[in-house]
Amino acid sequence: MSTYRYPRPDSSEITPEPVWQSRRDWMKTAGIAMSSAAIGGALGSIPSMSLAATAPLASLPSSPSKQYVLMEPATPFKDASSYNNFYEFGMDKADPERYAHTLQTTPWTIRIEGEVAAPKTFDMDALRTLAPLEERVYRMRCVEGWSMVIPWVGYSLSALLKQVQPTGNAKYVEFISAVQEKNMPGLSSRSIDWPYVEGLRLDEAMHPLTLLTMGMYGKVLPNQNGAPVRLVVPWKYGFKSAKSIVAIRFVEKQPSSSWMKSIPSEYGFYSNVNPEVSHPRWSQATERRIGEDGLFAPKRKTLMFNGYGNEVASLYQGMDLRKNF
Ligand code: MTE
């Protein structure tokens with residue numbers, strides 16, 4: 001009998017079921033010895049147990065945003081870069097930091113295609129210089145019940161999307177993450193339909209808060225946080241913010257995201273942070289702030305649209321947010 005245990009007492013409640021079921025399969029495929037050290041790492045008790053020496057991250061200069069300022073202390077970088085979800089590298093929160101050094105981030109391009117007059121491919125130099133880089137401190141809320149405050153570096157995604165002239169048929173935008181068979185041990189798990197795909201309605205994608213993100217804490221993104229370029233949509237649960245994006249596709253019909261395909265009863269298209277609509281297996285009314293509160297400290301109340309209601313509530317006027325979860 002295996003002595004494998006889950007990272008936190010309530011993990012089986014908060015982790016999507018196919019994910020925790022496949023965790024052990026994945027560990028077997030990845031050939032991870034179930035030694036006490038490996039188990040300790042999986043349990044998060046040895047957070048700095050990195051298999052590769054991590055190269056220092058290059059700085060990414062930006063100007064502080066005047067519009068998007070948050071008067072809350074940022075989560076320590078150490079926590080934001082060691083407690084991650086990036087299932088291409090494994091199911092445990094510590095796996096991305098441990099294994100994502102294998103991600104090949106150069107050369108890197110984003111292809112923009114679909115319902116556009118001028119499809120185009122952008123390399124990282126083009127992306128970094130397309131619009132002035134801003135530092136925006138955003139509140140992030142994961143569907144699993146934890147939150148962080150992260151100073152991201154990027155610019156509004158709309159600046160990029162405007163370059164390709166979407167046609168009148170473009171109603172939604174799909175975001176497709178990288179698949180690197182040899183470099184991503186988590187791909188052997190079939191709990192997600194790879195590549196990781198997310199989607200937004202066109203007006204959500206064009207909203208100025210939606211950030212095309214190339215850095216955090218003044219540096220380029222660490223691999224585990226979605227290098228070299230990802231999305232950040234702060235009023236939605238964290239899984240909408242696709243990492244390591246290689247393609248953006250304009251489409252006419254509402255796309256199905258990886259999570260909608262995986263567990264349709266639990267994950268809808270909109271996924272707006274909403275304390276009034278529970279996940280089928282747990283409440284979304286409160287959250288635990290990573291790095292600030294201890295595991296047993298009182299939880300914070302989750303805010304509607306993660307506190308960005310003034311900016312985005314109008315996008316959903318007249319919609320039943322219980323049906324459109
Ligand atoms: N993007 C890809 N490609 N693969 C993933 O597994 N996980 C999502 C999202 N983007 C994920 C992804 C989830 S569930 C969350 S909560 C956030 O990334 C976590 O981002 P962070 O690790 O930078 O905090």
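I worked with a predicted model, where local features need pLDDT of at least 70, side-chain atom pairs count only at pLDDT 80 or more, and totals for chains, interfaces and linings use all residues. Residues are numbered from 1 along each chain as its sequence is written, and side-chain values use heavy atoms, with hydrogens and water left out.

**Polar contacts.** I looked for N or O pairs within 3.5 Å. The side chain of Glu88 has an N or O atom 2.8 Å from a ligand nitrogen. Ser177 places a polar side-chain atom 3.0 Å from a ligand nitrogen. For Asn225, a side-chain N or O atom is 3.0 Å from a ligand oxygen. I then checked burial: the ligand alone exposes 530 Å², and the protein buries 96% of that. Areas are Shrake-Rupley, with a 1.4 Å probe.

**Aromatic pairs.** I found twelve (ring centres within 6.5 Å; planes under 30 degrees apart are stacked, over 60 edge-to-face, the rest tilted). I opened the pair of Tyr87 and Trp259: centres 5.6 Å apart and planes at 75°, so it is edge-to-face. Tyr87 sits in the loop between α4 (77-80) and α5 (95-99) and Trp259 in helix α9 (residues 258-262), so the pair ties together parts 172 residues apart in sequence. Helices (H or I, at least four residues) and strands (E, at least two) are DSSP runs, numbered from the N terminus.

**Backbone.** Most residues other than glycine have a negative phi, and most peptide bonds are trans. I noted a cis bond from Thr106 to Pro107, with omega near -10°. Pro107 lies in the loop between α5 and β2 (109-114). Trp194 and Pro195 are also joined by a cis bond, omega about -5°. Pro195 is in the loop between β6 (172-177) and β7 (197-201). Phe305, not a glycine, has a positive phi of about 50°.

Methods
Polar contact = N/O pair within 3.5 Å; in protein donor to acceptor, adjacent residues only side chain to side chain. Phe/Tyr/Trp six-rings, centres within 6.5 Å; stacked < 30°, edge-to-face > 60°.
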